[in-house]
Amino acid sequence: MKFVRTKDGSFTAFSKKYKEHYHSLSGAIEEAFEKHVNALGIEDGMQILDICFGLGYNSIIATKKHKKLQIVGLENDIEIIKAIKNLTVPKGIESEFTTFRDLAEKLEITDTNNNTIKLIMGDALLSLNQLPKEYFDRVFFDPFSPKKQPEMWSKEIFRKVYNVMKQGAKLSTYSCAKSIRQNMTDAGFKVMDGPAVGRKSPSTIGLKTHNP
Ligand SMILES: C[S@@+](CC[C@H](N)C(=O)[O-])C[C@H]1O[C@@H](n2cnc3c(N)ncnc32)[C@H](O)[C@@H]1O
């Protein structure tokens, strides 16, 4: 696993398989905060689904200053979860990260603010079938790019995600590609611009307005 320092000082990984970095090189932690956590708005006690968990930055930033979050992470590569153990993180999130470092051994951890993170290892396309319907308040959707992983951005996967979200729940993703937004719309989402961070184009927020 190769690690690269991004412009905000936090590290990202580089995937040899997909030949892509895990985060924007303009700032990995900044991306997690701006495009996902801040863009969606998190409240104590929420149920959060972190699809394509990776180094878990979206989840760990969500737990900062929040209590009793119940986070489910979907990931298919145990090596990236093992890499969390010795990951160098900015001082600002070092304390939150302490409990988090045990994820590879335990797959479920609870931090000092009673936030729970539970990992489901395996193909997210299949893991989504095991999750309860109309359950999650917020979803971080963070696969590799549509060009590298088209199967992760299909109408089918967005329909599955839509089904496990509560009415009024929101999803964040970095892509604003027209075809991806169309797949989200076809799955039922109301699609809106999210913040532009580290580039000119916006990210995307999907709102579940009604049950199918
Ligand atoms: C762009 S990275 C995500 C970065 C991550 N959110 C973070 O904060 O580090 C994509 C992640 O999705 C995982 N992944 C790719 N395909 C998957 C699949 N079919 N099911 C579950 N996880 C998958 C990869 O192993 C990788 O960790």
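Student: How many cavities of 30 Å³ or more are there?
Tutor: The count comes to one, where a cavity is a set of points, on a 1 Å grid over the protein atoms alone, at which a 1.4 Å probe fits but cannot get out. Its volume is the space filled by probe spheres set on the points, which are joined across faces, edges and corners. The model is predicted, so local features need pLDDT of at least 70 and side-chain atom pairs pLDDT 80 or more, while totals for chains, interfaces and linings use all residues. Residues are numbered from 1 along each chain as its sequence is written, and side-chain values use heavy atoms, without hydrogens and water.

Student: Which residues line the largest cavity?
Tutor: Its lining consists of Ile60, Thr63, Glu96, Phe100, Ile109, Asp111 and Ile117 (lining residues have an atom within 4 Å of a point). H2 and helix H4 (91–100) each give two or more residues to this lining (helices, H or I, have at least four residues and strands, E, at least two, as DSSP runs numbered from the N terminus).

Student: What about the ligand, where does it sit?
Tutor: The ligand sits in the largest pocket, meaning that more than half of its atoms lie within 2 Å of the pocket's grid points. A pocket is an open set with protein on both sides within 12 Å along at least five of seven lines. About 800 Å³ of space lies in the largest pocket.

Student: Which residues lie nearest the centre of that pocket?
Tutor: Of the 40 lining residues, Tyr22, Asp142, Pro143, Phe144 and Gln149 lie nearest its centre. Strand E2 (11–15), strand E3 (20–21), helix H1 (28–40), helix H2 (57–63) and strand E5 (70–75) each supply at least two residues of the lining.

Student: And which residues come nearest the ligand?
Tutor: Leu55, Glu75, Ala124, Asp142 and Gln149 come nearest, out of 21 residues around the ligand (each with a heavy atom within 4 Å of it). This shell divides into 10 nonpolar, seven polar and four charged residues (Ala, Val, Leu, Ile, Met, Phe, Trp, Tyr, Cys and Pro count as nonpolar, Asp, Glu, Lys and Arg as charged, and the others, Gly among them, as polar).

Student: What is 2.5 Å from an oxygen atom of the ligand?
Tutor: That is a polar side-chain atom of Glu75. An N or O atom in the side chain of His23 is 2.9 Å from a ligand oxygen, and a polar backbone atom of Ala124 is 2.8 Å from a ligand nitrogen. The protein covers 96% of the 600 Å² of accessible area that the ligand has on its own (by the Shrake-Rupley method with a 1.4 Å probe).

Student: What volume does the second largest pocket have?
Tutor: Its volume is about 160 Å³. Among the residues that line it are Phe33, Val37, Lys64 and His66, and H1 gives the most, with three residues.

Notes: Polar contact = N/O pair within 3.5 Å; in protein donor to acceptor, adjacent residues only side chain to side chain.
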